[in-house]
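Morning, everyone. Let's walk through one model, sheet first, then the cores.

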Amino acid sequence: MTKSKKLDFRPNEFVVYPAHGVGQIVNVEEQEIAGTTLELFVIAFEKDKMTLRVPTHKATEIGMRALSSPDVIEKAMKTLKGKAKVKRAMWSRRAQEYEQKINSGDLIAIAEVVRDLHRTDDQREQSYSERQLYEAALERLTREVSAVSNGDELGAAKRIGDVLQSRIAPVVVATT
């Protein structure tokens, strides 16, 4: 059974699945489900030791996308440099918004979460749930930056860390 429909994604290509981050399409397969033959992308999330099967006709509809362009990565880095914007809403409401941003798959929204939840050593301690959200957002951002820069995860983590540190560089006043 050959389909003439052009697929948006190809095997071996890295993609971003909104709820799970960066994965790699390892195969396109057909599977019979309830008497209907479905064409599926088989996506491996190496770090999470997880495999996901997504119907090819639903991939774009559910928000699966190609990796960000270097321009979007730069915009995300610029977002990280900005001043944290923390609403005065209850934590549960803010946590829900952060969760939605992380699971949106939108790299800029994920960078906003990292920026807003980043703490320096001299700031108050993060709560457990703040830390969980921060680490989830940071991991998603790092993995995509890494995938765009040929899989150098350590380099990506260092680049993001350097940007976050540059935000808080102390102002040195020379006294003579």
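Start with the sheet. Five strands make an open, antiparallel sheet, ordered β4-β3-β2-β1-β5. Strands here are DSSP E runs of at least two residues, helices are H or I runs of at least four, and both are numbered from the N terminus. Two strands count as paired if DSSP finds at least two bridges between them. The edges are β4 (50-55) and β5 (65-66), each pairing on one side only.

Some provenance. This is a predicted model: local features need pLDDT of at least 70, side-chain atom pairs count only at pLDDT 80 or more, and totals for chains, interfaces and linings use all residues. Residues are numbered from 1 along each chain as its sequence is written, and side-chain values use heavy atoms, with hydrogens and water left out.

Back to the strands. β2 (residues 21-33) and β3 (residues 36-45) are joined by 9 bridges. Val28 has Phe41 in β3 as its bridge partner.

Now the cores. A nonpolar core is a set of buried Ala, Val, Leu, Ile, Met, Phe, Trp, Tyr and Cys residues joined through side-chain atoms within 4.5 Å. Buried means under 20% relative accessible area, with a 1.4 Å probe and protein chains only. The largest core has 23 residues; Met77, Leu80 and Val114 are among those with the most contacts inside it. Which elements give two or more residues to this core? α1 (70-81), α2 (91-104), α3 (107-117), α4 and α5 (153-167). α3 gives the most, with 7 residues. Apart from this core lies another, of 12 residues, including Leu7, Tyr17, Ile25 and Ala59.

Notes
Buried < 20%, exposed > 50% of the residue type's maximum accessible area, 1.4 Å probe, protein only.
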